[in-house]
Number of protein chains: 2
Amino acid sequence: QVDHFGFDDNLTFQQRYLIADQHWKKNNGPILFYTGNEGDITWFSNNTGFMWDVAQELNAMLVFAEHRYYGESLPFGNESYSDSKRLNYLTSEQALADFAVLIEHLKSTIAGARYSPVIAIGGSYGGMLAAWFRMKYPHLVVGALAASAPIWQFGDLVPCGAFFSIVTNDFKKSGTGCAESIRNSWSAIDRLSSTDAGLQWLSRTFHLCSPLKNLQEVAVLKRGLSDTWINLAMMNYPYAADFLEPLPAWPVEEVCKFLKDPSLSDKLLLQNVFQAINVYYNYSGQIQCYDMDETATKSLGQLGWNYQTCTEMVMPMCADGVSDMFEPQKWDINARSEECYKLWGVRPRPSWIISMYGGKNIYSHSNIIFSNGGMDPWSAGGVTRNISHSLVAIVIPEGAHHLDLRSHNPADPKSVRQARDLELCYMKQWIKKAR
Amino acid sequence: QVDHFGFDDNLTFQQRYLIADQHWKKNNGPILFYTGNEGDITWFSNNTGFMWDVAQELNAMLVFAEHRYYGESLPFGNESYSDSKRLNYLTSEQALADFAVLIEHLKSTIAGARYSPVIAIGGSYGGMLAAWFRMKYPHLVVGALAASAPIWQFGDLVPCGAFFSIVTNDFKKSGTGCAESIRNSWSAIDRLSSTDAGLQWLSRTFHLCSPLKNLQEVAVLKRGLSDTWINLAMMNYPYAADFLEPLPAWPVEEVCKFLKDPSLSDKLLLQNVFQAINVYYNYSGQIQCYDMDETATKSLGQLGWNYQTCTEMVMPMCADGVSDMFEPQKWDINARSEECYKLWGVRPRPSWIISMYGGKNIYSHSNIIFSNGGMDPWSAGGVTRNISHSLVAIVIPEGAHHLDLRSHNPADPKSVRQARDLELCYMKQWIKKAR
């Protein structure tokens, strides 16, 4: 059903989902249901090794459900993004309803699954969906594991600057002079951008695919750098991994090796910055030139996510350049609204997610694990303290963005091993209680 | 917001609500919030005396929120019912979202209401909305009183014949030969309808505004009679009342006074039937002729409700003419779907309400009182047993359709007095716990 909440159009579409049942015990063995987020579901399933790791112990079937408008689950095929009319059904509520209908479909069509307890699992936006799914459809899932889910990164529930502060701390801790070098780089870029020769030098030094022509394009470059630092903080895993980009172990430390001296001259500093971002973009040595619009794998549906941040998923962020290493940047909902209207013909409703999902007032719900990595900037908007005995927070101090959802690895710090053990323990309790 | 779940149209509309704050204690005294159902909100507020009766004791503000597409809360003004495009936003989900936004609006604009605990109260469909509102928006209401709310009259959650059985029992208990007379009336009508003279006789005898011309119109007459018996059972209050129509005390007994001998000849039997329905239609002596399409007050939005039963609110009903007094009538979803498509251009989704609101699997929710009248046919689909210590059922054996929501009355049976006391007691607990 393209529109679960209206009956005028009765259109339907094909939603993609992946099933792995080799460890499933028929006769109502549990189902771990990944609530897909903004990207290709095969990519998420390949980066959610935790589910594969625990399937055998839980005798569980794994289901990975793709989020509408991403991957191959396009309600209007290639036209899905063509206008605001067709994009109108890209909302979290519709996605949750898709999951509900899919679970009922699976339970009624797979022999032996009728009474299988289902657990929702997701990371990041998918973690929000997992938590919200348990809140709104508790009859369909006995519990939810919401990994690195910033359900409070809305309205004024948390300070808008917390996100960038965490990124900054990650860089501070990963090398002397590192955060300071990055903070100084913005004005260095500005000074060079003031002359044509400077623009040419920047374009050459950063190996840009298309040379910088004006300050708007410089802003895109800075935005790209900023996103790169954020992504590095999110992907700061203790071992080499390929999620947003192929990266070495502890990539922020690798990056910081190039950023030890913040007092260098502009050009020397920026040459170092380029070496640093090379760790992110060219770890595999394949890239010839940089397109600063493209900061992550294409498996991530950045276009759709942009639309979602222009409608429901309005997450205020700000930087002051003092307590953090970023360019000062106020949160301006009006400017954002204009931008969204130009881009998509829609305007954000910044308070809707709180109205819908309760903001901080969620204590009446149950059976949700909120896990967060202490190094993950998204933990700023996450639930990091227990709300009740069955709404529990797990903090992984050495963890980046949903590290706990990844496959076990010899390099895993103790905290994430313990987190996974605890998560498994809660899931077993939920399953046991459902019997 | 006309469409809470989409961002393409950013249209808004004016929702009507009534506020009574003469008993409200500022500084966060509680708010009793009536979740309006399918009709004019002033009419509901006049028939929900219970809220007015308890306002003083609870120091509560009363809010009566009108349901979109009813009364004066028309999203597209007089065009609201003009086509399926405009009707597309007439759903329970949109109505609940209206209530959510309204509560947040009231709390942020009324001085001293910021932390007021809110309790949702509703009857019938409004009772379902009250219960569903607590399920879906527990951050906005501390509890819900769902009076005569048939939340299980969907899918195969309850036998489709239970509804008509209860109506029949009411008539059986209200007079010897009464239900039997009604059961015999259907074939009597059929026999008379087989000749033109018979049709004329029926039209005269039933004082029809427009004479019967064919069997289709006879079906409408029978449908009207059937609805009348149902409405009488619903309105079988212990004192004279004016809800759907002005009626005497215990109207079913009044009706049954005319229906003592089921063995009469067709014409004598049907003359008695006319006397009987006169109790319903002409208690006040104002009516000159009968329009069998019009079986209740115009304050009820029958058109909108018909649309809702053609989309989400698909409540299977059936009669067998043996265990009940109605014409045998199977539940035929396909025929219904065709009918709905012809009428509105939409097709029902019979399983959606269960997917959305959980069907019988609602034990993870809390703080909902389900009250039901033992004589009310809608109790067939109601929750009549406790589900948990905080999802409680109250049965009022002598009660008809949400009698407990009406003003106290000297003729009230003890059971409804006790029910109201218990309801008040639970509400006090919720309020106390919210502080």
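Predicted model: local features only at pLDDT ≥ 70, side-chain atom pairs only at ≥ 80, totals over all residues.
**Figure 1. Disulfide pattern of the model.** Over all chains, the structure contains 8 disulfides. When the bonded cysteines of chain A are counted along the chain, the disulfides follow the pattern 1-7, 2-4, 3-5, 6-8.

**Figure 2. The disulfide between Cys160(B) and Cys318(B)****.** The sulfur atoms of Cys160(B) and Cys318(B) are 2.0 Å apart. Cys160(B) belongs to the loop between β5 (143-147) and α6 (162-173) of chain B, and Cys318(B) to the loop between α12 (302-309) and α13 (333-344) of chain B, so the link ties together parts that are 158 residues apart in sequence. The link is right-handed because the torsion about its S-S bond is about 85°. Cys160(B) is partly exposed at 24% relative accessibility, whereas Cys318(B), at 14%, counts as buried.

**Figure 3. The disulfide between Cys178(B) and Cys256(B)****.** The S to S distance of this pair is 2.0 Å. Cys178(B) is part of helix α7 (residues 178-193) of chain B and Cys256(B) of helix α10 (residues 251-256) of chain B, so the bond connects parts that are 78 residues apart in sequence. A torsion of about -75° about the S-S bond makes the disulfide left-handed. Cys178(B) and Cys256(B) are both buried.

**Figure 4. The disulfide between Cys209(B) and Cys289(B)****.** The two sulfur atoms are separated by 2.0 Å. Cys209(B) sits in the loop between α8 (196-205) and α9 (215-234) of chain B, and Cys289(B) in the loop between α11 (266-281) and α12 of chain B; the pair therefore ties together parts that are 80 residues apart in sequence. With 95° about the S-S bond, this link is right-handed. Cys209(B) is partly exposed, at a relative accessible area of 42%, and Cys289(B) is partly exposed at 34%.

**Figure 5. Strand β8 of chain A and its neighbours in the sheet****.** Strand β5(A) (residues 143-147) pairs with β8(A) in the parallel sense over 4 bridges, and Ser371(A) is the bridge partner of Ala147(A). Strand β9(A) (residues 391-396) also runs parallel to β8(A), joined by 6 bridges; here Phe370(A) stands opposite Ala393(A).

**Figure 6. Trp132(A) in the largest nonpolar core****.** This core has 301 residues, and those with the most contacts inside it are Trp132, Phe171 and Trp229 of chain A together with Trp132, Phe171 and Trp229 of chain B. Leaving aside residues up to four places away in sequence, Trp132(A) touches Ser92(A), Leu96(A), Ile151(A), Phe154(A), Met313(A), Ile353(A) and Tyr357(A). In soluble globular proteins, nonpolar side chains tend to be buried together.

**Figure 7. The rotation axis relating chains A and B****.** The same surface serves both copies, as 100% of the contact residues of chain A recur in chain B. Of the residues of chain A, Lys136(A) comes closest to the rotation axis, with its C-alpha at 2.9 Å.

Key:
Residues numbered from 1 in each chain as written. Chains lettered and ligands numbered in written order. Heavy atoms only, no water. Core = buried A, V, L, I, M, F, W, Y, C linked by side-chain atoms within 4.5 Å. Buried < 20%, exposed > 50% of the residue type's maximum accessible area, 1.4 Å probe, protein only. Contact = heavy atoms within 4.5 Å. Pairing = 2+ DSSP bridges. Helix = DSSP H or I, 4+ residues; strand = E, 2+ residues; numbered from the N terminus. Least-squares fit on C-alpha atoms with pLDDT ≥ 70 in both. Disulfide = S-S within 2.5 Å.
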